[in-house]
Amino acid sequence: MGLSDGILLAIDGGNSKTDVALLDARGTVLGSARGAGFSPQGAGAGRAVAGLAALVAEAAGAAGLAAPLRLAHVQACLANADLPAEEEQLAAEIAAYEWAPGASGVTVVNDTFALLRAGLSDAGEPAGVAVVCGAGINCSGLAPGGRTARFAAIGRISGDWGGGAFLAEEALWWAARAEDGRGGATALADALPAHFGLATMAELIEALHRGLIAAARRHELAPVLFAVAASGDAVARAIVTRQAEEVVTMAATALARLGLLGSRVPVILGGGVLAARHPLLHGRIVALLAERAPRAVPLVLTAPPVLGAALLALDRAGVHSSAYARVRAAFEPSGG
C-alpha cells in the first residue's frame with residue numbers, strides 16, 4: 001500500500017468542463033484540477049479517460065502524492081455515460097489505471113447523480129430529483145431504499161428537448177425563418193448575427209456553414225436568446241417557456257416514477273442554463289412545479305458538481321458526519 005492509501009478520488013466530467021479532487025476520509029480536499037469537457041463519444045472512451053488521467057496526475061501533484069497512486073476508491077460522475085453499457089466501458093477504462101484495487105474500486109455513474117447528491121441532505125434517507133440543463137438536458141432521481149429514476153438523454157431520438165446547444169439551434173431556426181419570410185418576426189433575426197459582428201442572418205448562416213465561425217461558438221447564442229426573451233420578444237419567450245416546461249416535465253415524471261410526486265423533496269436545478277437563474281426561465285419553472293408537484297422544493301445548485309462526486313465517495317467510505325461538512329465547506333460558495 002502506498003502513501004495515498006485511504007484517499008478517495010472524485011471526478012465530475014461534464015460536457016463543458018471536468019473537475020477532479022483527491023480527498024481523505026476526513027473530508028479534507030488534498031488536491032484538485034480542472035480541464036476540458038468529457039466527451040467519450042467524440043474522442044473515444046480511451047482518449048477521454050486518458051484526459052482524466054492527466055487531470056488526476058495534476059491533482060496528485062498539487063496534493064504532494066507520488067506515483068503510482070493507490071487509492072481507496074474512485075467515484076466518477078461522467079457526462080455521456082448515459083447507458084449501463086457506457087458506464088461499464090468507462091469503469092473498465094478507468095480501472096486499467098489501477099488507482100484503486102479490485103473490481104469494486106471504481107464506480108461510474110452519469111453526471112446528473114453528482115448534481116443530485118450535492119443537493120441532497122447528508123443525513124437520513126435521501127430522496128429527490130435533479131435536472132441538469134447545461135449543454136444538454138438530463139434528469140435523475142433517488143427514492144428511499146435506493147431506487148433510482150433516470151433517462152437515456154442521448155438527444156431527440158430519446159425524446160429530449162433543450163439544453164444550451166439545442167436552444168442556440170432553435171434560436172437560429174426561428175431567426176432564419178423570420179428573415180426569409182417563412183416565419184413570424186423576431187428580434188432574434190438581428191440579435192444573433194449582431195453577436196458575431198454581422199448584419200444579417202444570411203451572413204451568419206453562411207459564416208457558420210463555411211466554418212468562418214467555429215461550430216463550437218454556437219453555444220454563445222443561448223445567452224443572446226435569453227436577453228431577447230427578457231426584452232419581451234414573443235418568439236424568444238416561447239422558446240424559453242418551452243424549456244421550462246421540459247425541465248418540469250422531466251422532474252415531475254421522475255418524481256412520479258419514484259412515488260414522490262406528493263412528497264416534500266428537493267428538485268435540484270443545475271448546469272449553466274439553470275444556474276444562471278434567468279428570471280423568465282426560473283420563474284416559469286417554479287410556477288409549473290407548484291402546479292405539477294406542489295410539495296417539491298426547487299433548489300438551484302451553485303457549488304461545482306464535483307462536490308456531489310466527493311460526497312458519493314464519502315458515502316462509500318462510511319465516514320464520520322464531520323467529513324461531509326468539511327468537504328462542503330471546501331466547495332460550496334460562501335454562505336452555502
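This is a predicted model: local features need pLDDT of at least 70, side-chain atom pairs count only at pLDDT 80 or more; totals for chains, interfaces and linings use all residues.
Residues are numbered from 1 along each chain as its sequence is written, and side-chain values use heavy atoms, with hydrogens and water left out.

Here are two helix pairs (helices being DSSP runs of H or I, at least four residues, numbered from the N terminus), with axes fitted to C-alpha atoms over the stretch in contact and angles from 0 to 180 degrees between N-to-C directions:

| Pair | Axes come within | Crossing angle |
|---|---|---|
| α12 (residues 306-317) and α13 (residues 321-331) | 10 Å | roughly 165 degrees |
| α9 (residues 234-257) and α11 (residues 279-292) | 9 Å | roughly 40 degrees |

So α12 and α13 are roughly antiparallel to each other, while α9 and α11 are therefore oblique.

What about the cores? A nonpolar core is a set of buried (under 20% relative accessible area, 1.4 Å probe, protein chains only) Ala, Val, Leu, Ile, Met, Phe, Trp, Tyr and Cys residues joined through side-chain atoms within 4.5 Å. In the largest one, with 58 residues, V131, L188, L192 and I285 touch the most other members. Helix α9 gives the most to this core, 11 residues. Leaving aside residues up to four places away in sequence, I285 touches A244, V247, V248, L269 and L274, a touch being heavy atoms within 4.5 Å. A second, separate core has 31 residues, including L312 and Y324.

Technical notes:
Angles under 35 degrees count as roughly parallel, over 145 as roughly antiparallel, 65 to 115 as roughly perpendicular and the rest as oblique. Buried means under 20% relative accessible area, exposed over 50%, partly exposed in between (1.4 Å probe, protein chains only).
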